[in-house]
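Work through the exercises below with the coordinates open. Each task sentence is followed by a solution in steps.

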Amino acid sequence: MTTQHWNIDLSFEEDGTRTACKASLSGPNAPGVEGKGIARRNPGDSPDARIGEELAAARACSELAHELVGRAAADVESHTHRPANIGM
């Protein structure tokens with residue numbers, strides 16, 4: 001039995017009204033995929049960095065998941081030479 005361990009790294013950039021997040025995988029044999037997410041604060045709302053970070057991180061992780069599914073589908077198709085039916 002083999003054990004793999006990947007880490008999800010989240011990095012944030014904030015400018016007061018916008019929070020951007022980049023989600024990437026690290027670890028031995030981790031695929032080189034990443035996702036990006038952005039959250040924008042309504043000018044009428046009070047600033048709360050945590051909410052922007054949560055929303056931007058959720059969007060970045062969602063994009064990362066879709067990238068992984070796409071990569072897995074491409075790998076299945078390269079092995080089977082048939083269209084992959086991988087749902088998300």
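A pocket is found on a 1 Å grid over the protein atoms alone: it is an open set of points where a 1.4 Å probe fits, with protein on both sides within 12 Å along at least five of seven lines, and its lining residues have an atom within 4 Å of a point. The model is predicted, so local features need pLDDT of at least 70 and side-chain atom pairs count only at pLDDT 80 or more, while totals for chains, interfaces and linings use all residues. Residues are numbered from 1 along each chain as its sequence is written, and side-chain values use heavy atoms, with hydrogens and water left out.

**Exercise 1. The largest pocket**

Task: State how much space lies in the largest pocket, which residues lie nearest its centre, and which elements supply its lining.

Solution. 
- Step 1. The space amounts to about 250 Å³. This volume is the space filled by probe spheres set on the grid points, which are joined across faces, edges and corners.
- Step 2. The lining consists of 16 residues, and those nearest the centre are Thr-19, Arg-41, Asp-48, Ile-51 and Gly-52.
- Step 3. At least two lining residues come from each of strand 2, strand 3 (34-40) and helix 1 (49-80). Helices (H or I, at least four residues) and strands (E, at least two) are DSSP runs, numbered from the N terminus.
- Step 4. Helix 1 gives the largest share of this lining, with 4 residues.

**Exercise 2. Thr-19 and Glu-14**

Task: Is Thr-19 buried or exposed, and what does Thr-19 contact beyond its neighbours in sequence?

Solution. 
- Step 1. Locate Thr-19: this residue belongs to strand 2 (residues 18-26).
- Step 2. Apply the classes: buried is under 20% relative accessible area, exposed is over 50%, and partly exposed is in between (1.4 Å probe, protein chains only). Thr-19 is buried because its relative accessibility is 7%.
- Step 3. List contacts, meaning heavy atoms within 4.5 Å. Neighbours within four places in sequence aside, Thr-19 contacts Phe-12, Glu-13, Glu-14, Gly-37, Ile-38, Ala-39, Gly-52, Glu-53 and Ala-56.
- Step 4. Follow one of these partners, Glu-14. Glu-14 sits in strand 1 and is partly exposed, at 42% relative accessible area. With residues up to four places away in sequence not counted, Glu-14 touches Thr-19, Ala-49 and Glu-53.
- Step 5. Check a distance: Glu-14 and Glu-53 are 39 residues apart along the chain, and 8.7 Å separates their C-alpha atoms.

**Exercise 3. Salt bridges**

Task: How many salt bridges does a search of the whole structure find, and how accessible are residues that form them?

Solution. 
- Step 1. Side chains of opposite charge can pair when their charged atoms come close.
- Step 2. The search returns 3 salt bridges.
- Step 3. Asp-15 and Arg-18 pair with an N to O distance of 3.9 Å; Arg-18 is partly exposed at 30%.
- Step 4. Lys-36 and Glu-34 pair at 3.8 Å, N to O. Lys-36 is exposed at 51%, whereas Glu-34 is partly exposed at 33%.
- Step 5. For Arg-50 and Glu-54, the closest N and O atoms are 3.1 Å apart. The two residues are separated by about one helical turn because they are 4 residues apart in helix 1. Arg-50 is exposed at 54%, and Glu-54 is partly exposed at 44%.

**Exercise 4. Positive phi**

Task: Where do Asn-29 and His-81 lie, and what is the phi of Asn-29 and of His-81?

Solution. 
- Step 1. Recall the background: most residues other than glycine have a negative phi.
- Step 2. Asn-29 lies in the loop between strand 2 and strand 3, and its phi is positive, near 65 degrees. Asn-29 is exposed, with 62% relative accessible area.
- Step 3. His-81 is in the segment after helix 1 and has a positive phi of about 60 degrees. His-81 is exposed at 68%.
- Step 4. Pro-83 is also placed in the segment after helix 1 and is exposed at 76%.

Key
A salt bridge is a side-chain nitrogen of Lys or Arg within 4 Å of a carboxyl oxygen of Asp or Glu.
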